[in-house]
Amino acid sequence: MTKAAALLLAGSLALAACASDEESSSASGGSGGSGGGEDLKIGLAFDTGGRGDQSFNDSAVAGVEAAIEELGGEVQELSPNDDASNRGELLTQLAEAGYNPVIAVGFNYDEVIAEVAPQFPDTTFAQVDGSNADGAKGDNVTGLLFAEEQGSFLAGVAAALKTETNNVGFVGGVESPLIEKFQAGFAAGAEAVNPDVEVQVQYLSPAGDFSGFGDPQKGKLVAQGMYQNGADIVFHAAGGSGEGVFEAAVEAGKRAIGVDSDQYLTAPADQQAVIMTSMLKRVDNAVQAFIKAYAEGEVEGATDVTNDLSTGGVGLSTSGGYIDDIADQIEEFEQQILDGEITVPTTP
Amino acid sequence: MTALRRLGTSLAAPALAVVVALVITTLVIVLIGQNPLTALQVLVDFGDTPAQQTQAIVVILNRAVPLFLAGLAVSVAFRMGLFNIGVEGQYRMATVVAAGVGAAVVLPGPLHVLLIMVVAMAVGALWAGIVAVLKVTRGVSEVISSIMLNFIALGTASFLLTGPLRGSPEGASIITTERLPASAQFPALNGLFGALGLAQPRGQLFGFLLVAVVVGIVVSVLLKRTRFGFDLRATGLSPSAATASGIDARRMVVKTMLISGAIAGLIGLPDLLGRTYSFGTEFTAGLGFLGIAVALLGRNSPLGIAFAALLFAFLDRAAVPLQFADIPASVVTIIQGTIVLSVVIANEVSRQVTKRRAGRQSGQATPPAADATGPAGTRIDARQEAGA
């Protein structure tokens, strides 16, 4: 009985699908294979979280859109499935469909891009947050890297200058090497201002469990704990979970620091009052610059483009004006980093 | 006459479920302003060139193998009335340990693969065994303990990965275990395409497909043709009746969970032995939970689960092409969700219908046989007695 049921189930689905096959041929418009002249066909493969994360996926989209505005062309965006097991398919299908350049967002593409890129030598790839300085991923892959620790250092400086309780917090999304860079920079910055400052550190999920980037409840809980333990400023590098950190800050009447994009601009009014600044990671600029370089034929491949303080790839936002009074001191530290007087650690 | 009728109701249920799922999905696609026919066309369009078409088949099969194993692991426990939600944790623990052991030893080819499989099954069984022991000795509901153990497994796997089993260099953004040597890599089945005269796909077809088939057959035989399988199903149907007829319910709980966990231990291996060759932070997670849906859809029979896994994989494949057609990939998740929900509801409805009919026909005679394949979820109250 069960067998028959399963057969019928599969069969009827296939039938239904076939029945509609003929009628709908006119309905599928979209992107034809033949490239329209010199127009750019940009492929964009997101990391888990996908479009609408108010974080770096969206930032990458902004970069692509800015590039298209400037250079013309079109973009095909692809999000992975929930468990991101089809990352490889995203890249291959973009490359197969003739998209060039293909941009992968996130360090999770590390292994996949190394597999796919060599199969499509004529396609130019870029990976946000992934290094290819040694060319191990293929000659046609460019890594778009960020000196998160430098921007986080300045966030730490701002927090240490502004704290009244001499106690600040860091909420990391997932305990991974990338987020540890934020933590290391933040702690170093805070201690550079005041060696006695207490930095509370907590991660929302362990390595391998990416739920920490999309769990506002947990973010709120952890931030609440930090505020109760005496922190008055909490910096988050936790993607979508940061929402909860801001909520906790509003309820506690304390302050928070945003990450990646200028989160003051997208926050509701009550949260704008507590978002002191945001550590900017200008994925949009990096992506836009890469596409521009590609259009001008200047992409070498097998290299990294590092976006740090000197290129404006990382920094602090000033929306809201909460850190205007300490702008001079922040600039001083920034200059010291630029001059090489301060080397910011990348591991805690 | 009655047999024919019974067949009718059992077929009507899944057919109804599919119709309902299609209607709901169509409505959703229309609501978001897209053409549902385009979506259906994308679902069945495997590509233009022969290589693309075989590649689509590879993608579907490669996805179906772990889903099938996950569904099988869940279903074995289901059949006995145990709700093993811990498959997720069991396969994560099993995969990370198996990856570590596999990278640490040197053995000739087949033995190496075999060792990794044995280790994975042993770890999965052990992890599930904790749930069983808690249940039979302390009466802890396996639902609660297996969920809790999932969190512990995640944390422990993460500790093992970042600590003792770490193989990736310091500073690498993805942390992985040491890469498995060539002798531990399961050969791909791509020769099959050549033998069948089909175009070579670009990807590799998991050789682990064969193992999955064997495991499916073994479980099928075990459940249907052995004393143990009879005891298991009997306990699942009526714990009190089974106990009365001399089946040791406690021992059955332990054995069943061990088997369920051992199968769960295999879930990560297709990927580990056929593609990634190491366990890392970005290793596919969530298969254990998908397995519950697959088992429900497959009505707990190995063949049904195979179809369910293939159906899920078939739908999953469309996630990428759908986006090329400007339809969000979440449509796939919606279809899968509605199908499972509809199947569960339809099963329950058909069960009620059969029950009522049987009651009407023969007064208080034998209970309806349709119960044997009823959804496990409907017996949650009955199995509470099993462990008590």
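# Close-up views of a predicted two-chain model

View 1. The strands belong to an open sheet of 6 strands in chain A, ordered S2-S1-S3-S4-S5-S11 and paired in parallel. At the edges of this sheet are strand S2 (74–78) and strand S11 (303–307) of chain A, each of which pairs on one side only. Averaged over the sheet, and with direction ignored, neighbouring strands are turned by 20° against each other.

**View 2. The pairing of S1 and S2 in chain A.** Strand S1 (residues 41–45) of chain A pairs with S2(A) in the parallel sense, and the pairing extends over 5 bridges. Within this pair of strands, Lys41(A) stands opposite Glu74(A), a residue of S2(A).

View 3. An open sheet with mixed pairing is formed by 6 strands of chain A in the order S7-S6-S8-S9-S10-S12. Its edge strands are strand S7 (198–205) and strand S12 (314–316) of chain A, each pairing on one side only, and the twist from one strand to the next averages 15°. Helix H7 (residues 216–228) of chain A lies across strand S6 (167–174), S7, strand S8 (233–237) and S9 of chain A, with a direction at about 160° to S7(A). Elsewhere in the sheet, strand S9 (residues 255–260) and strand S10 (residues 275–281) of chain A run parallel and are joined by 5 bridges, and Ile257(A) has Thr277(A) in S10(A) as its bridge partner.

View 4. Glu70(A) and Lys292(A) meet through their side chains in a salt bridge, with an N to O distance of 3.3 Å. Because Glu70(A) lies in helix H2 (residues 56–71) of chain A and Lys292(A) in helix H11 of chain A, the pair ties together parts that are 222 residues apart in sequence. Glu70(A) is partly exposed, at 42% relative accessibility, and Lys292(A) is likewise partly exposed, at 32%.

View 5. The side chains of Lys220(A) and Glu251(A) form a salt bridge at 2.7 Å, N to O. Lys220(A) lies in helix H7 of chain A and Glu251(A) in helix H8 (residues 242–252) of chain A, so this pair ties together parts that are 31 residues apart in sequence. Lys220(A) counts as buried, at 19% relative accessibility, whereas Glu251(A) counts as exposed, at 54%.

View 6. Glu142(B) and Lys135(B) form a salt bridge in which the closest N and O atoms are 2.9 Å apart. Glu142(B) is buried, with a relative accessible area of 1%, and Lys135(B) is also buried, with a relative accessible area of 5%. In chain A, salt bridges that share partners join Asp129(A), Glu148(A), Lys181(A) and Lys281(A) into one network. Over all chains, 16 salt bridges are found in the whole structure.

**View 7. A nonpolar surface patch on chain B.** Ile144(B), Ile147(B), Met148(B) and Phe151(B) make a nonpolar surface patch of about 400 Å². Among them, Ile147(B) is placed in helix H6 (residues 142–162) of chain B and is partly exposed, with a relative accessible area of 30%.

Technical notes
Residues numbered from 1 in each chain as written. Chains lettered and ligands numbered in written order. Predicted model: local features only at pLDDT ≥ 70, side-chain atom pairs only at ≥ 80, totals over all residues. Heavy atoms only, no water. Patch = residues over 30% accessible without salt bridge, like charges linked within 9 Å, V, L, I, M, F, W, Y side chains within 5 Å. Areas by Shrake-Rupley, 256 points an atom, 1.4 Å probe, with all protein chains shown as cover. Salt bridge = Lys/Arg side-chain N within 4 Å of Asp/Glu carboxyl O. Helix = DSSP H or I, 4+ residues; strand = E, 2+ residues; numbered from the N terminus. Buried < 20%, exposed > 50% of the residue type's maximum accessible area, 1.4 Å probe, protein only. Pairing = 2+ DSSP bridges. Axes fitted to C-alpha atoms, helices over the stretch in contact; angles between N-to-C directions. Contact = heavy atoms within 4.5 Å.
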